[in-house]
Structure formats: C-alpha cells, structure tokens
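Q: I would like to learn how to read the features of a model like this one. Where do we begin?

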Amino acid sequence: MRNVFLIVASIVCVACSESDSETENRPKTYVDSELFSLARAGDFAFYKNNPDTLPFTIGGGGHSGFIRVKFNPIAANALVDSGKLPLGSKFPNGSLVVKEIYNGRGDSLIFLAVMLKNSVATNAAQNWVWGEYYADGRVLWPVNRGADCVPCHSLTSATSNVPGDLGHRDFVRTFGLRP
Ligand code: HEC
C-alpha cells in the first residue's frame, strides 16, 4: 500500500512540474533547447494579427529579409494599446516574443529570434532571456549572451538611427517601428 502511495505521489509531482514550465517565477537557468522549443511550437498571435511576412526595417540592424513577430497568450494579453504594449508598461513574467526570419516572402523559415520575460532567470539580461536559433534548432546566438542583444533593443526615439522610430517599449522594438 505504501508503494502505491509513493508511485501516485510521484506521478502527481511530475505532472505539476511540467504544467508551469512557461510561466514559473522561480529562479532558473534557461538552456537553448528549451528556449527554442518554446518559440517553435505553441499558441501565438501575430503582431496586429497580421500573418504576412513583412520586410525587416531598413537600418534597424539585427537581420535582413522578411519577418513576422508573434506573441504567446501571456504577452498578447498585455497588448492593450491598439495592439501595442502601453507606453511605460512592462510585460508580465512568462511573456514570449518571437521574431520569425525569412529570406523572402513565402520562403521557409530560417531563423527564430526569441525574448522570454523572466525577471528571476539567472541568465536574463534586463529581465528578458534572449536567444537566436536556426529553424532546425541549431544555435545562432546562445542564451547566455543576451546582454549583446540589449543595446540595440534599448534604443529610444532620441537614440535610434531609424527615421520615425518611436523607440522600444520594454525592449521590444516593433512597437516603435511599425504602425
Ligand atoms: C543592431 C540592432 C539589433 C540587435 C543587435 C538585435 N536586434 Fe532584435 N530587433 C531589432 C529590430 C530593429 C527589431 C524590429 C524588427 C523590424 O522591425 O525589422 C528587432 C526585433 C526583435 C524581436 C521581435 C520583438 C521586437 O523587439 O520587435 C526579437 C524577439 C528579437 N529582435 C530578438 C533579438 C535577439 C535575441 C537578439 C540578440 C541575439 C537581438 N534581437 C539583437 C534590432 C536588433
């Protein structure tokens, strides 16, 4: 009888530890495979609900080609200012923002750039965990070097060199660059 109890208890425990992997607020160190899996599959809404691949911002840096930006439900719920994060607001922990990168319109995916909000992650930079991956999961920019992504994602209307850029909102550039 005691063994049965232990088995049941351990099954319940495995189930609970898996269910909160995306939203947990406990200190944790992310690895690339986990960040990639979160970004590759799951429920997402595209920016302004527009599923088109759009030309990347000229002079914005980071990449070339075509992009789509998508948000998981936690992040999407924060987009209450006409599809944008309100000025001065922060995304809640568990928010996931992903940039899909394509060579051309309608081509297959080549890279995923990922930002996961977790203010207590040991490898967060400015409360976000950052990484970039090839479509097959190979690492382009490793999760422990997120500090390299921050300077460009901190640009404001005053410091950006892109004409008309209104600046980042909680380190997300799209809001300032795209209507
Ligand atoms: C030289 C500037 C620059 C650097 C460095 C950079 N990015 Fe970006 N990133 C941008 C710009 C500009 C956009 C907006 C895309 C557009 O409009 O073309 C963007 C968009 C994104 C997005 C979509 C959300 C948003 O901010 O709009 C993610 C996710 C992202 N980048 C991740 C990363 C990661 C991860 C790194 C580091 C490995 C990184 N970026 C480094 C310029 C940069």
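**A buried ring and its surroundings**

A: Begin with one side chain: F71 has a relative accessible area of 1%, so F71 is buried. Keep in mind throughout that the model is predicted.

Q: Which cut-off makes a residue buried, and how much of the chain is buried?
A: Buried means under 20% relative accessible area. In this chain of 179 residues, buried residues make up 42%.

Q: How is the chain built up, in helices and strands?
A: There are five helices and seven strands. Read from the N terminus, the order of elements is α-α-β-β-β-α-β-β-β-β-α-α.

**Aromatic pairs**

Q: What describes a pair of aromatic rings?
A: Two quantities are used, the distance of the centres and the angle of the planes. This structure holds eight aromatic pairs. One of them is formed by Y47 and F71, with 6.4 Å centre to centre and 50° between the planes, and the pair is tilted. The two residues are 24 residues apart and link distant parts of the chain: Y47 is in the loop between β1 (45–46) and β2 (54–55), and F71 is in strand β3. Y47 counts as buried because its relative accessibility is 7%.

Q: What kind of pair do F71 and F91 form?
A: The pair of F71 and F91 is stacked, at 6.5 Å centre to centre and 20° between the planes. This pair also links distant parts of the chain, with F71 in strand β3 and F91 in the loop between α3 (73–76) and β4, 20 residues apart. Both F71 and F91 are buried.

Q: Which residues do ring pairs link into a cluster?
A: The cluster consists of Y47, F71, F91, W128 and F175.

**Charges over rings**

Q: Where does a charged end sit over a ring?
A: One case is K70, whose charged end sits over the ring of F44 at 4.4 Å from the ring centre. Another is R138, with its charged end over the ring of Y134, 4.2 Å from the centre of that ring.

**The ligand**

Q: Which residues are closest to the ligand, and how many surround it?
A: The ligand is surrounded by 25 residues, and the closest are T57, C149, C152, H153 and T174. By class, the shell contains 14 nonpolar, seven polar and four charged residues.

Q: Which polar side-chain atoms lie within reach of the ligand's N or O atoms?
A: An N or O atom in the side chain of T57 is 2.6 Å from an oxygen atom of the ligand. For H153, a polar side-chain atom lies 2.9 Å from a nitrogen atom of the ligand. For R178, a polar side-chain atom lies 3.0 Å from an oxygen atom of the ligand. Turning to secondary structure, the elements that give two or more residues to the shell are β3 (66–71), β4 (96–102), β5 (109–117), β6 (128–134), α4 (150–153) and α5 (174–177).

Q: What is the protein donor of the iron atom of the ligand?
A: The only protein donor is NE2 of H153, at 2.1 Å from the iron. H153 lies in helix α4.

**Backbone angles and loops**

Q: Are N49 and D170 buried or exposed?
A: N49 has a relative accessible area of 65%, so N49 is exposed. D170 is buried, because its relative accessible area is 4%. N49 is found in the loop between β1 and β2, whereas D170 lies in the loop between α4 and α5.

Q: Which backbone atom lies 2.8 Å from a polar atom of the D170 side chain?
A: That atom is the backbone nitrogen of F91, and F91 is also part of the ring cluster described above.

Q: How far apart are G137 and F36, in sequence and in space?
A: They are 101 residues apart in sequence and 6.3 Å apart in space, taken from C-alpha to C-alpha. G137 is found in the loop between β6 and β7 (139–141). With a relative accessible area of 23%, G137 is partly exposed.

How values were computed
Residues are numbered from 1 along each chain as its sequence is written. This is a predicted model: local features need pLDDT of at least 70, side-chain atom pairs count only at pLDDT 80 or more; totals for chains, interfaces and linings use all residues. Side-chain values use heavy atoms; hydrogens and water are left out. A residue is near a molecule or strand if one of its heavy atoms lies within 4 Å of it. A polar contact is a pair of N or O atoms within 3.5 Å; within protein, one must be able to donate a hydrogen and the other to accept it, and residues adjacent in sequence count only if both atoms are side-chain atoms. Helices (H or I, at least four residues) and strands (E, at least two) are DSSP runs, numbered from the N terminus. Ala, Val, Leu, Ile, Met, Phe, Trp, Tyr, Cys and Pro count as nonpolar, Asp, Glu, Lys and Arg as charged, and the others, Gly among them, as polar. Rings of Phe, Tyr and Trp (its six-membered ring) pair if their centres lie within 6.5 Å; planes under 30 degrees apart count as stacked, over 60 as edge-to-face and the rest as tilted. Buried means under 20% relative accessible area, exposed over 50%, partly exposed in between (1.4 Å probe, protein chains only). A charge sits over a ring if NZ of Lys or CZ of Arg is within 6 Å of the ring centre and within 35 degrees of the ring normal. Donors are N, O and S atoms within 2.8 Å of the metal (3.2 Å for Na, K and Ca); water is not among the atoms, so sites may look incomplete.
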